[in-house]
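Welcome, and thanks for taking a look at this one. Please have the structure open in your viewer as you read.

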Amino acid sequence: MSLTITCPICGKRNGYEFRFGGEDKGPRPDEDSLTPQRWCEYVHLNECVAGVQKEWWVHKDGCGSWFTIHRDTVMNVEVAKPEADR
Amino acid sequence: MMTRINQLPTLRVDPTKKVVFDYKGKDYVGAHGDTVATALYYNDVRIFGRSLKYHRPRGLYSLDGECSNTCMEIDGIPNVRTENTLVKQGMKVKEQNVKGSAENDMMGFIDKLDFMMPAGFYYKTMHKPASIWPVAMKQIRKAAGLGVLSPDFEMPGKFDQIFPSADVVVIGGGPAGMSAALASADKGLRVIIMESRPWLGGFFDYRTFDYRDENYKNNKQLYSRARELASKVESHANIRVFTHTSVVGTYTNNLVTGFQIGKDNDKFTERYIEIRANAVVVATGCIERPLIFENNERPGVMQVGCVHRLARTYGILAGERAVFSVGHDLGLEAAIDLFDLGMKILCVADVREDGQNPHLMIELAKRNIPYLKGWVAAEAKGGKRVKGVVMTTLDGTISRDFDCDLIVASAGFTPLNGPLTLAHAKLRYDSHTNFFVADKMPEKTHAAGRMLGLEDSLSIEASGVIAGLKAALDCKLMKESYGNSDVDALKSEIDATVAKQKELPGPARGSKFVTAPVKGRKSFICFDEDTTIKNIRQAIEMGFDVPELIKRFTSAGTGPGQGGIPGHNLPLYVAKYLAASGAPPKPTTVRAPLVPTLIATYAGSKHIMMKRTPMDDMQRADGGVFRKIGVWERARYFSDDFSCKKEIENVRNNVGMLDGSTLGKFRIHGPDALKVLQRVYVSDMSKVKLGRVKYSAMCNDDGCVIDDGVVIKLAENDYYFTTSTARAGATIEWLRYHTRFDGWDFYVVNLTDSMGVINLSGPNARKVLQKITSEDVSNSAFAFSGYKEFMVKDTIPVKAMRLGFVGELSYEFHVPSSYMVSLWNMLKDAGKEFNIQNFGVEAQNVLRMEKCHIILGQESEQRTNLLDLGLGFLWDRTKKDAKTVGAVALRQAENDPTRFRLVGFEMENNGRAARDGALIVDDKVRGYVCTARDSFTLNKAVGMALVESHLAKVGTRLEIFEDECGGERIYGTVVPMPFYDPDGTRMKS
C-alpha cells in the first residue's frame with residue numbers, strides 16, 4: 001500500500017497502479033535439452049530474498065509497460081539499483 | 001441530572017443548545033458538543049456497561065476511548081466508543097453485554113467465580129471429554145463478549161475515502177504538533193495536520209494554568225495559548241486541518257492512514273483518509289498510565305485528565321468528594337484547579353518521593369489540601385460505584401480509609417508511540433522518563449512534544465518547531481530546484497532552535513510506580529479483557545517471561561482499546577517481577593489499526609460500476625433479464641422461463657441474435673507481431689490465411705488453458721484477434737510479459753470497448769444477412785471459418801466471421817460500437833419476416849453445450865490443461881524456437897495418466913440433468929460435472945464432465961453426488977461428443 005514505483009515512462013507513481021510480475025529470473029530457457037526439473041524451477045521456484053531484489057512490474061493503470069525495479073522486501077520500498085548491477 | 005458549570009472559558013459544549021437522545025427507551029438531554037459518554041454522565045449514568053468476562057460494572061475512566069468500559073450500542077451499531085462519539089439529536093443508545101441492565105446484571109455473580117478462571121484457563125479446561133466443548137462454547141459465547149451484531153444488520157450512514165498528498169503530515173494537533181505544522185508551512189510547504197479530538201489544542205486546551213509559569217502570575221493561560229496557535233494553524237493557507245481524525249496506520253514511504261468522523265453538515269458519516277507525504281511529524285503526546293490497585297476500574301475511579309476535562313471542557317464536576325492518588329504534576333494541577341471549581345479534595349497522595357513542581361506544592365498548601373507523599377490508593381470500596389478508598393503507604397504498613405465518591409488515579413504517562421513503531425521504529429526503554437522511546441527513527445520522520453518526555457510548555461513548543469523545520473528540510477532536499485544556500489539557511493535555523501531549546505527544561509523524570517502493595521486478585525491491568533495482576537503473575541510462574549507472550553496468553557491488551565490501558569504497565573510490571581534477571585522492560589507489539597475502525601469506513605462509498613454494452617438499452621426494452629457477469633452486465637435470459645426453451649428452439653429452427661460485445665477484441669501489428677502470436681498461442685500462427693478464421697488457445701506456463709478465441713490475418717504482421725470476456729483486461733499485459741526479454745517491435749490495441757459484436761445464428765441467418773448486404777454471402781463465397789470485410793449501406797464497416805459456436809449456421813459481426821444500434825436494428829428489421837428473436841447468454845450456454853463447445857472457466861478450472869480438454873489438435877509441436885508459453889509443460893503432461901479428461905455424458909433413464917459442479921464419485925471423488933442441462937433439442941439430459949481418465953471411455957457409468965442429496969446418487973453414462981449434429985453439417989452448410 002505504501003509502495004511507490006518509478007515507471008521508466010511515467011515516473012514515480014502510487015503502487016496501486018502497478019501489478020507485480022515476479023522476481024527477475026532471466027529470459028525463458030531454450031526448450032531443447034530442458035529437463036522437467038529445470039523448467040519447474042524456472043517457472044515456480046523463487047529466491048524470496050529478505051532484502052534487495054530485482055523484480056518485474058507492469059504499469060497496468062498507466063502506460064502498460066513491463067520493467068524491473070529493485071525493491072527492499074523488508075521495508076517494502078523501491079531502492080536505487082545496487083552498485084553491483086550497474 | 002447534574003448541574004453544569006456554564007461560564008468556563010475552556011468549555012467545548014454549548015449548554016444553551018440542548019440535544020435530546022434516547023437511552024434505553026427514555027429521553028435524555030445533553031448539550032451540543034457533548035460526547036455520548038459525557039451526556040450520559042451528566043444525566044447521572046455511572047455504569048455504562050459490564051465487562052467482558054466477569055460482568056463487572058464499568059464506567060467513565062479515560063474520556064479518550066482507551067478501553068471498552070464505555071463501549072455501547074448506538075443506533076444498532078455495537079461497540080461504539082461513546083467517549084469519542086458526539087451525541088446527536090435522536091440517537092438511540094443502549095448498554096451491552098448485560099443480562100437485565102448494566103445497573104443490575106444477572107450475570108454479575110461471575111465476578112465471584114474468578115478463582116475458576118486463572119490465566120489461560122480456556123486453553124486448559126473444557127476439552128476433556130471432547131463432547132463437553134460444544135456445550136461449553138455455547139455458554140461462554142453467551143456470557144462473554146461485548147456488543148452483538150445482528151446478521152441482517154445494514155450499516156447506516158455515508159462512508160467515503162480521500163487520498164490527499166502533502167509535503168508534511170503532522171500527527172497530533174496539540175501544542176507541539178501545531179508548532180511543527182506552522183514551522184513547516186511557513187517554509188512554503190503543504191502541510192496536513194490530524195487531530196483525534198474535534199478541536200486542535202491537545203493537553204493545553206483545558207488548562208488554565210499560566211503558559212510561562214516562571215513567576216506564576218499575570219501571563220497567558222495555557223488554553224488561550226492553544227487557541228492562539230489553533231487560529232494561526234486554521235488560517236494558514238498552507239495547512240489543511242483534519243479534526244476528529246484518528247490515525248490508524250503509518251507505513252514506510254511516509255504513508256499515513258486515518259479516519260475522520262463527519263461533522264453535522266459534512267457529507268460523510270466517516271471517511272478513510274490515506275495521505276502520501278514526503279515527511280512526517282509525530283506529536284501524539286501521552287496518555288495516562290493507569291494506577292493499579294484493588295477495584296481500580298470501579299465506576300468512580302477515573303484518570304486525572306478525565307476528571308479535569310470533564311470539568312473544564314464539559315462543565316461537569318465528576319464527584320463531590322474526591323481522593324487523588326497520582327504520580328505526576330498534572331495530577332497536582334488538576335487537584336488545585338478542581339478545588340477552585342468547588343470540588344472537595346479529601347487528600348492528594350503522590351507516589352513520587354521528589355521532583356514535584358514547587359509552585360504546585362505551594363498552591364496545594366494555600367488551599368489546605370492534605371498532601372500525602374509516598375502514599376497510594378490500595379482499594380476502592382463500594383459495590384457498584386465508589387463509596388470510599390483505602391489509602392496506604394507505598395510499603396503497605398500504614399493505611400487510612402476515606403469516604404469519597406471519586407478516586408482520581410494515575411501512575412504516570414505513556415507516550416503514544418504507535419505511529420512510530422508501525423513505521424518500523426525500534427523502541428528502547430529510557431529509565432529517566434520511564435518511557436519507551438524510539439531509538440532508530442523511520443526515514444524522514446520526526447517526533448516532538450510530550451512523547452519525548454517533555455513537560456515544560458515552552459520546551460514542548462520548541463520541540464515542535466524543530467521537528468517542523470527538520471521535516472521541511474527533508475522535503476527541500478527532495479526537490480532539486482531548491483538551492484544549496486536555502487538548505488544551508490534552513491540547517492542553521494534548525495541548529496539555532498535546537499540550541500535555544502537546550503536552555504529550556506529537558507525530559508522530566510517519570511514515575512516508575514505500577515501497582516499498589518496488594519495481592520491483586522481484583523487489580524485490573526487490562527479492562528477490556530478482565531486481566532488482573534494476579535493473572536499476569538500466574539502466567540509468569542507458568543514460565544512466560546516476555547511481555548508479548550504474556551499478552552497472548554492472558555489476552556491483556558488485545559481488546560478494543562488496542563493496548564491503551566495495559567500497553568505500558570504490562571512490560572513495566574513484568575520487568576519488575578523478573579527484576580533478578582536484570583533485563584530492561586520489553587514493549588509489546590503495536591499493530592494497525594491503532595484505533596478501532598468501522599469496516600464500513602475502510603470500504604468507503606458503495607460504488608458498483610458495471611460495464612454495459614452498446615446494446616444495453618435495446619435488450620432491456622426487449623425484456624432482457626440482466627446478470628452481472630465479470631465486469632459486465634449481460635442479458636442472460638429474455639423471458640421468465642430460465643430454461644430458455646423458446647430462445648433455444650428459435651435458434652435451432654429459425655434465427656436468433658445475441659449481443660457478444662463483451663468478447664475481448666484486439667489488433668496487433670508491427671514487424672514482430674507474428675512472433676508474439678507464436679509465443680502466446682499454441683497453434684502455428686504462420687498458417688493463418690487471409691480471409692480465414694483461425695481458432696486457437698493460449699496456455700500458461702503449466703500448460704493450463706487460460707484463453708481461447710479466433711485470430712484473423714488482416715495483412716502481413718497485422719492481426720485481429722478475440723479473447724474470452726474474462727481475459728480481455730489482462731491480455732495485453734500477458735503479451736508484453738511473455739515477450740519482455742525479446743525487445744520485439746509490435747503494437748497492440750485493445751478494441752474491446754470500441755467494437756461491438758452481434759452474433760446472428762440459425763438456419764435462416766444467411767437469408768437475413770442477404771437482405772442487408774449486396775456482398776455474396778452464399779456458402780461457397782462465405783464458407784464456414786471464412787472472414788469477410790464489407791460495408792453495410794456504404795457506411796457501416798463490418799468485419800464478418802462465419803463461426804459455429806452454437807452449432808448452427810452462424811455469423812459474427814464486429815462493428816464499431818457507435819454503429820452497433822443501427823446494425824442491430826437493420827438485422828432486426830431484415831429478420832422480421834422470419835420472426836427473428838433475441839437470445840441470451842444462458843440460451844447460448846445450452847446451445848454450445850449440446851455441440852460440446854467449451855467455455856473456459858466452465859469446462860476448465862485452473863489446473864485443466866489443453867490436452868485434458870481434448871484440444872491437443874490445436875497445439876503445434878514443431879515450433880520449438882517460438883518458445884510457446886505452455887508448450888514445455890504440455891510435452892511433459894502428454895503421457896500423464898493421472899490427468900482428468902473432458903467427457904460427454906447423458907443421464908440414465910431419462911433423468912433430469914445433474915447440477916453444475918456436482919461430483920463424480922465412487923468411493924472417492926473422481927471428477928465433477930462442468931455443465932449439464934435438459935436438452936430440448938435432443939429430448940434428454942446431457943452434459944460435460946471432467947473425470948479421471950479411467951472413467952473416460954464411452955459407456956462408462958458415472959455416479960453423481962449432488963450437494964444435499966441425502967445419500968441419493970444419480971447416474972449418467974459417458975457418450976461420444978458432440979451430442980448435436982456430430983458431423984457439423986448444420987454449421988457448415
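## Ground rules

This is a predicted model, in which local features need pLDDT of at least 70, side-chain atom pairs count only at pLDDT 80 or more, and totals for chains, interfaces and linings use all residues. Residues are numbered from 1 along each chain as its sequence is written, chains are lettered from A and ligands numbered from 1 in the order in which they are written, and side-chain values use heavy atoms, with hydrogens and water left out.

## A three-stranded sheet

Let's start in chain B, where 3 strands make an open antiparallel sheet in the order β20-β21-β22. Strands here are DSSP runs of E with at least two residues, helices are runs of H or I with at least four, and both are numbered from the N terminus; two strands pair if DSSP finds at least two bridges between them. β20 (375-381) and β22 (399-403) of chain B each have a single partner strand, so one side of each has no neighbour in the sheet. On average, neighbouring strands are turned by 25° against each other, direction ignored, with axes fitted as lines to C-alpha atoms.

Strand β21 (residues 388-393) of chain B pairs with β22(B) over 5 bridges, in the antiparallel sense. Within β22(B), Phe402(B) is the residue opposite Val389(B).

## Enclosed space

The structure has 6 cavities of 30 Å³ or more. A cavity is a set of points on a 1 Å grid over the protein atoms alone where a 1.4 Å probe fits but cannot get out, and lining residues have an atom within 4 Å of a point. Grid points are joined across faces, edges and corners, and the volume is the space filled by probe spheres set on the points.

The largest cavity holds about 80 Å³. It is lined by 13 residues, and those closest to its centre are Arg50(B), Ser51(B), Ser68(B), Asn69(B) and Leu146(B). The lining divides into 4 nonpolar, 6 polar and 3 charged residues, where Ala, Val, Leu, Ile, Met, Phe, Trp, Tyr, Cys and Pro count as nonpolar, Asp, Glu, Lys and Arg as charged, and the others, Gly among them, as polar.

## Backbone spots to check

Most residues other than glycine have a negative phi, and most peptide bonds are trans. Ala592(B) and Pro593(B) are joined by a cis peptide bond with omega about -5°; Pro593(B) sits in the loop between α14 (569-577) and α15 (599-603) of chain B.

Asp530(B), not a glycine, has a positive phi of about 55°. Asp530(B) counts as buried at 0% relative accessibility (buried is under 20% relative accessible area, exposed over 50%, partly exposed in between, with a 1.4 Å probe and protein chains only).

Key:
Axes are lines fitted to C-alpha atoms, for helices over the stretch in contact, and angles run from 0 to 180 degrees between N-to-C directions. On a 1 Å grid over the protein atoms alone, a cavity is a set of points where a 1.4 Å probe fits but cannot get out, and a pocket is an open set with protein on both sides within 12 Å along at least five of seven lines; lining residues have an atom within 4 Å of a point.
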